[in-house]
Amino acid sequence: MIQFNNEWDTILEDEFKKAYYLEVREFLKHEYKTQKIHPSMYDIFNALKLASYSDIKAVILGQDPYHGQGQAHGLCFSVKKGVAPPPSLHNIFKEIHDDTGASTFRHGELTSWAKQGVLLLNTVLTVREGAPNSHKGKGWEIFTDNVISILSQRQDPIVFILWGANAKSKTALITNPNHLILTAAHPSPLSAHNGFFGCRHFSKTNEFLKGIGKSPINWEIDL
């Protein structure tokens, strides 16, 4: 039984009984036994464990986890302390600095964002080591699409931050006009200069949050 120890336990209780998820579970049992899979099976749902439903202020969507050893730990774009930040995360930090003036990024672990209400959700939650997109199309997208749809139905406004084609394709799931949707190119070095740099999504998120009476996100990583 998966335990989030927050509101998601009740909200997603029936999701884990559905046929598609039972198929995902059987697929993962085999994968973890026979392949090197990231993240650890204990870290798969960290994004939802750290950001409870009512606490979520913003959602950042990633695609699938980092596929290098020791990188992924269940939060999109994040790596554990002591692991060098990958290029996309470097570019995220650069944009935060240019956008907000924040300059303290002591490591690449984004847990402090999650604890402030940023849901750092990949659309696919597992991957084989060295094989990006290897778990694409196995059922995870149904689960994460349902999470996005559940959040869209929430009346309390959320900022949805969508970078790159995969994330932008989820716009159709966000139907409640209360929410703010921000889109830009992916922060990957291959595309960051095509609209990610200069998008100012971090200051725009905080301006929106302050406008609805919520505290802004501290984007610095100094803990």
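1. Let's start with helix α6 (residues 140-152), which lies across β2, β3 and β5 and runs at about 150° to β3. For angles, axes are lines fitted to C-alpha atoms, for helices over the stretch in contact, and the values run from 0 to 180 degrees between N-to-C directions. Helices (H or I, at least four residues) and strands (E, at least two) are DSSP runs, numbered from the N terminus. Bear in mind that this is a predicted model, in which local features need pLDDT of at least 70 and side-chain atom pairs count only at pLDDT 80 or more, while totals for chains, interfaces and linings use all residues. Residues are numbered from 1 along each chain as its sequence is written, and side-chain values use heavy atoms, with hydrogens and water left out.

2. How does α8 sit on the sheet? Helix α8 packs on the sheet by touching β2, β5 and β6, and its direction makes about 175° with that of β6. Contact here means heavy atoms within 4.5 Å.

3. Back to α6 and its length. The expected span of a helix is 1.5 Å times one less than its number of residues. For the 13 residues of α6 that should give 18 Å, and the end C-alpha atoms are 18 Å apart, which agrees.

4. Which residues of α6 are buried? They are W140, E141, F143, T144, V147, I148, L151 and S152. Buried means under 20% relative accessible area, exposed over 50%, and partly exposed in between (1.4 Å probe, protein chains only). These buried residues pack against α1 (8-11), α2 (19-34), α3 (46-50), β2, β3 and β5. As background, an α-helix has 3.6 residues a turn, so residues three or four places apart point the same way.

5. Now the sheet itself. It is open and built from 4 strands in the order β3-β2-β5-β6, with parallel pairing. β3 and β6 (180-184) stand at the edges with a single partner strand each, so one side of each has no neighbour in the sheet. From one strand to the next, the twist averages 20°. Two strands pair if DSSP finds at least two bridges between them.

6. Strand β2 (residues 58-62) deserves a look of its own: 5 of its 5 residues are buried. A58, I60 and G62 point one way, while V59 and L61 point the other way. On the β3 (residues 118-122) side, the pairing is parallel over 5 bridges, with I60 opposite L120 and G62 opposite N122. With β5 (residues 159-163), β2 runs parallel and is joined by 4 bridges; there V59 stands opposite F160.

7. V159 has a relative accessible area of 0%, so V159 counts as buried. Leaving aside residues up to four places away in sequence, V159 touches K57, A58, V59, L180, L182, T205 and F208. The C-alpha atoms of V159 and I56 are separated by 9.0 Å, although these residues are 103 residues apart along the chain.

8. After α4 comes G101, with a positive phi near 85°.

9. Rings of Phe, Tyr and Trp (its six-membered ring) pair if their centres lie within 6.5 Å; planes under 30 degrees apart count as stacked, over 60 as edge-to-face and the rest as tilted. The count comes to 20 aromatic pairs. In one of them, Y20 and Y21 have ring centres 6.4 Å apart and planes at 85°, so this pair is edge-to-face. Y21 and F143 have ring centres 6.2 Å apart and planes at 45°, so that pair is tilted. The Y21 and F143 pair links helix α2 to helix α6, 122 residues apart. Ring pairs link F4, F16, Y20, Y21, F45, W140 and F143 into a cluster.

10. Last, charges over rings. A charge sits over a ring if NZ of Lys or CZ of Arg is within 6 Å of the ring centre and within 35 degrees of the ring normal. K94 lies over the face of F197, 4.8 Å from the ring centre, and the charged end of R154 sits over the ring of Y53, 5.8 Å from its centre.
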